[in-house]
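The entries follow in the order in which I made them.

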Amino acid sequence: MDIEKIRADFPILSTTVYGKPLIYLDNGATTQKPKCVVEEIEKIYYTTNANVHRGVHYLSQQATDLAEESRVVVQQFINAEHSKEIIFTKGTTESINLVAHSFCQQFCVEGDEIIISAMEHHANIVSWQLQEAIRGIKLRVIPINEKGELKLDELQKLISSKTRLISVMHISNVLGTVNPIEKIIEIAHAHSIPVLIDAAQSVQHMTIDVQKLDCDFLVFSGHKVYGPNGVGVLYGKEKWLNQMPPYQGGGEMISTVSFKGTTFNELPFKFEAGTPNYPDVIALGTAIKYIKNIGLDSIKAYEDQLLEYCTDELLRIKDIRIFGTSDKKSSVISFLVGNIHHYDMGMLLDKMGIAVRTGHHCAQPLMEELGIEGTVRISLAFYNTKEEIDQLVAGIKRVASMFG
Ligand code: PMP
């Protein structure tokens, strides 16, 4: 990979903060956008702006074609069988809420159980807790071990005749652990239980094949895959989506409407009520083409090298504690140094031009499990470099020396 050439595609990377060159290590929160994505959005508004699926006129047809082409780009990206299995949403959070609401409405009664894990993001906890309140379902939680890995033998014990769905993250946004989702899906399917994979932290780092995985649902956000904000994806197997009721009512999700009753549109439109965010849907396709062009395998190999280098260098720092020490990790490192508060570390690194995330990372139950309030988190992208990591490590050492 030609990193200098790649970095030139991301104008923000040559910006300065407080007069220092920006070192952006908060890619788990959101990724920066290549020029082609921003230019695509500008181009749509300047040349092709019209509401999709509604007009017979030229611009509407053009915008519709581009948005539907983007659906095929997403389909091919995760190797879904049909493009109608790709639903555009606002992001991972909305995708999980859609499934929680609609799946539970159709398939869950009071006392039924959904299994999640102890390391989930709030999006994959609270969406189900809302259903606990509405429908009296119960959440069961797969615990983790001291390395920050799921205890799979405990999963076996949690499964019962009441289990309706298992919803787990692929890669932890705090620990960096790559969860054994193949195994989880195999265990679940042996009991005819469907599985939702939260791929918010994985689709940008490795090749995902939903048919090979055989997952039932998979969700991710556009803004974390170098695409625009406000657009995300829900992949669902046709057999589930067909049985699930619509999540929201409005334009485009209907077939006919009368005061006597309404019939619903077919997939994927049944789940896309109202004017979709078509400019960002189209630009998401551009972002996916961009990363496919670099190659997910090359991205993974490069980012794995960076992760190893970064971990080794960090471990040289006195009194550092890294949270998440699995052998199978990707792109994320959470740590604390001595008694230095994560917020202080983040603020002082920021003054050196280094952007990291601090806090609970929308995973408060995990923080409770780890017995801490929060961490400093580094999350890597393919445009990061070893030199940036060297500067980060020097920065952390400087902060540590300030605190004595
Ligand atoms: N799941 C995981 C694992 C995440 O890392 C995030 C974002 N931090 C989300 C869900 C929520 O994503 P979004 O805010 O884009 O909906």
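Entry 1. I note that the model is a predicted one.

Entry 2. I looked up how the strands concerned are paired. β16 and β17 (residues 375–379) pair in the antiparallel sense over 3 bridges.

Entry 3. I then traced the sheet as a whole. It is an open sheet of 4 strands, ordered β13-β14-β17-β16, and the pairing is antiparallel. The edges are β13 (320–323) and β16 (357–359); each has a single partner strand, so one side of each is left without a neighbour in the sheet. On average, and with direction ignored, neighbouring strands of this sheet are turned by 30° against each other.

Entry 4. I asked which helix lies across this sheet's strands β13, β14 and β17. Helix α11 (residues 296–315) does, and it runs at about 10° to β14 (332–337).

Entry 5. I checked polar side-chain atoms against the ligand. An N or O atom in the side chain of Thr 93 is 2.6 Å from a ligand oxygen atom. For Gln 201, a polar side-chain atom also lies 2.6 Å from an oxygen atom of the ligand. A polar side-chain atom of His 121 lies 3.3 Å from a ligand nitrogen atom. Taken alone, the ligand exposes 400 Å², of which the protein buries 86%.

Notes:
Residues numbered from 1 in each chain as written. Predicted model: local features only at pLDDT ≥ 70, side-chain atom pairs only at ≥ 80, totals over all residues. Heavy atoms only, no water. Polar contact = N/O pair within 3.5 Å; in protein donor to acceptor, adjacent residues only side chain to side chain. Areas by Shrake-Rupley, 256 points an atom, 1.4 Å probe, with all protein chains shown as cover. Pairing = 2+ DSSP bridges. Helix = DSSP H or I, 4+ residues; strand = E, 2+ residues; numbered from the N terminus. Axes fitted to C-alpha atoms, helices over the stretch in contact; angles between N-to-C directions. Contact = heavy atoms within 4.5 Å.
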